[in-house]
Each structure stands twice: as structure tokens, then as C-alpha cells.
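Biologist: Could you walk me through this one slowly? I'd like to ask questions as we go.

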Amino acid sequence: MNQMPRDLAQIENAHVEEAYARWAPIYDLAFTTVMAPGRRAAVAAAQRLGGKVLDVGVGTGLELPMFDADVALVGVDLSEPMLRRAQTRIAREKLSRVAGVCVMDATRLAFADGAFDAVVAPFVLTVVPDPHATLAELARVTRVGGEIVLVNHVGAEAGPIAWIERWMGKRSASLGWRPEFPWEILGDWIVSRQDLKLVERRKIAPLGLFTLTRIEKLS
Ligand SMILES: C[S@@+](CC[C@H](N)C(=O)[O-])C[C@H]1O[C@@H](n2cnc3c(N)ncnc32)[C@H](O)[C@@H]1O
């Protein structure tokens, strides 16, 4: 098992719940537009693989209306206040493609092995307390030939942006995410798993701020 970088900010589930209880009322106002290209790219990649998709860290459900009507979606999240907003959206926009959303920890998913054609997690990996345990669980519930589709910010390696991210990283617990997130956390983990293969790593608008990662389950 890969080790997490020792200086990476520690986040706990309680921090996530506190932070997203604060973010929930203003989340859509702050994060709808800037993250829309990433959500659209994740949805497009996931729904070409088949009809059953799990959205992990679904939050207020901003990506749910982007899926085609014939996809069967399930959404999970640790934060009840975020999910309440997702439920309002599902009812308001009559999103019958959503079979349900429920409170669940990404490291302990109550689904069978290989239950989904694709698992999407837009803007989640830098937020979860344990990225490796989360990735392992996402891989477990993905069917052979299916994919894990991630979008997240990958931290700068050097220069002023890296310095700012490190400074902001000291506030990760209250922010609810890690501004500094080296690619190695994800890349080295994929390499360590013989049953998985990196099939795409691509910068996403705006300004290449985010990275789309597709991981195929081989066996
Ligand atoms: C930045 S939001 C992204 C929400 C949504 N995917 C979007 O694109 O707007 C991150 C979400 O991950 C959720 N989250 C963090 N840790 C989690 C965990 N261990 N299990 C499930 N959800 C988690 C947070 O509650 C939050 O709603």
C-alpha cells in the first residue's frame, strides 16, 4: 500500500461534515460555474460505459442534471446538508434518472463488488480524509471493464502557486479540502494496483486548473 506524503494536511470526517454544513447554503453560488467544465467532462466519460453510475461525493447534485435520462444514478455523500440540497434539485428538476441519494462514507460503500459500470467523483479526492481508502472502495464497486472517473485540482510542484497552496493547506481542515495535492498520491496508487490502468489524464478548463483522470478496472 502506498504511503501518503507525511506533510499532507490531515482532514477527518468531522472536519468534512463541519465544513460542508457551512458551505451548503452558498455552495451553488460559489462553485456552479467554475467547476462546470469538469463536471461535464466527468459525466460524458462515465455515461458512455453503461447505464449504472455511482456519484461519490455528489454534494448538492450539480452534475446530476448533466447525465442522459437513461442513466440510472445513485449518489452518496458524507454531508447531510449538502444532500438535502441535492434532494431539492432532484425534485425541482424531476430527475427521474436518480434512483436515490444517501448519506454514506466513501471508504465504506454499502454496494456489492462490481455493482456499477462507472463511478464518478468530481472534486472529491482532495476533500476526503483518506484518498487511498476511498480509491480502493471506488475500485471495488466498479465492474471489470468499467471506469473510475475523477476530476480534481492537482497541486503545483514549484513556484509561487505551490507556495500559496502550501500556505492555504495549513487551513485544509476548516476549508474542507486540500489545496496542495500532489499527483503522486493518485498516480503512484494506480501504478501499485495491477487490476487498474490509467487510461486518461487531461487538464480541464478553466485554465487547466483541474485534471480529469480515468482509471479502467482490468480484472
Ligand atoms: C467539493 S464537494 C463536490 C460536490 C460535487 N461532486 C460537485 O461537483 O459539486 C466535495 C463533496 O465530497 C463530500 N465528501 C467528503 N468526504 C467524503 C467521504 N468520506 N464520503 C462521502 N462524501 C465525502 C463532501 O461532503 C462534499 O459534498
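Modeller: Let's start with some rings: Trp23, Tyr27 and Phe31 are joined into a cluster by ring pairs. Keep in mind that this is a predicted model.

Biologist: How many aromatic pairs does the structure hold?

Modeller: Rings of Phe, Tyr and Trp pair if their centres lie within 6.5 Å. Going by that, the number of aromatic pairs in the structure is 4.

Biologist: Take Phe111 and Phe116: is that pair stacked, tilted or edge-to-face?

Modeller: Their centres are 5.1 Å apart, and the angle between the planes is 90°. Both residues are buried, by the way. Planes over 60 degrees apart get their own label, so Phe111 and Phe116 are edge-to-face.

Biologist: And how many residues apart are Phe123 and Phe210?

Modeller: These two form an edge-to-face pair, 4.9 Å centre to centre with 80° between the planes. Phe123 is in the loop between β4 (116–122) and α5 (131–141), while Phe210 is in strand β7 (residues 210–217). The pair links distant parts of the chain, and the separation is 87 residues.

Biologist: Is Phe123 buried or exposed?

Modeller: Look at its relative accessibility, which is 13%. Buried means under 20%, so Phe123 counts as buried. Phe210, at 10%, also counts as buried.

Biologist: Now the ligand. Which residue has a backbone N or O atom 2.8 Å from a nitrogen atom of the ligand?

Modeller: The side chain of Arg39 has an N or O atom 2.9 Å from an oxygen atom of the ligand. Pro122 puts a backbone N or O atom 2.9 Å from a ligand nitrogen. The backbone atom at 2.8 Å from a ligand nitrogen belongs to Ala106.

Biologist: How much of the ligand's accessible area does the protein cover?

Modeller: On its own, the ligand has 600 Å² of accessible area. There are 19 residues around it, with Tyr27, Arg39, Gly57, Asp77 and Ala106 the closest. By class, that shell has 12 nonpolar, 3 polar and 4 charged residues.

Biologist: Last one: which side chain makes a polar contact of 2.5 Å with the side chain of Glu200?

Modeller: Glu200 is in strand β6 (residues 196–204). Leaving out residues up to four places away in sequence, it touches Leu212, Thr213 and Arg214. With the side chain of Arg214, the Glu200 side chain makes a polar contact of 2.7 Å. The 2.5 Å partner of Glu200 is Arg202.

Key. Residues are numbered from 1 along each chain as its sequence is written. This is a predicted model: local features need pLDDT of at least 70, side-chain atom pairs count only at pLDDT 80 or more; totals for chains, interfaces and linings use all residues. Side-chain values use heavy atoms; hydrogens and water are left out. A residue is near a molecule or strand if one of its heavy atoms lies within 4 Å of it. A polar contact is a pair of N or O atoms within 3.5 Å; within protein, one must be able to donate a hydrogen and the other to accept it, and residues adjacent in sequence count only if both atoms are side-chain atoms. Accessible areas come from the Shrake-Rupley method with a 1.4 Å probe; for residues, only the protein chains shown count as cover. Ala, Val, Leu, Ile, Met, Phe, Trp, Tyr, Cys and Pro count as nonpolar, Asp, Glu, Lys and Arg as charged, and the others, Gly among them, as polar. Helices (H or I, at least four residues) and strands (E, at least two) are DSSP runs, numbered from the N terminus. Contact means heavy atoms within 4.5 Å. Rings of Phe, Tyr and Trp (its six-membered ring) pair if their centres lie within 6.5 Å; planes under 30 degrees apart count as stacked, over 60 as edge-to-face and the rest as tilted. Buried means under 20% relative accessible area, exposed over 50%, partly exposed in between (1.4 Å probe, protein chains only).
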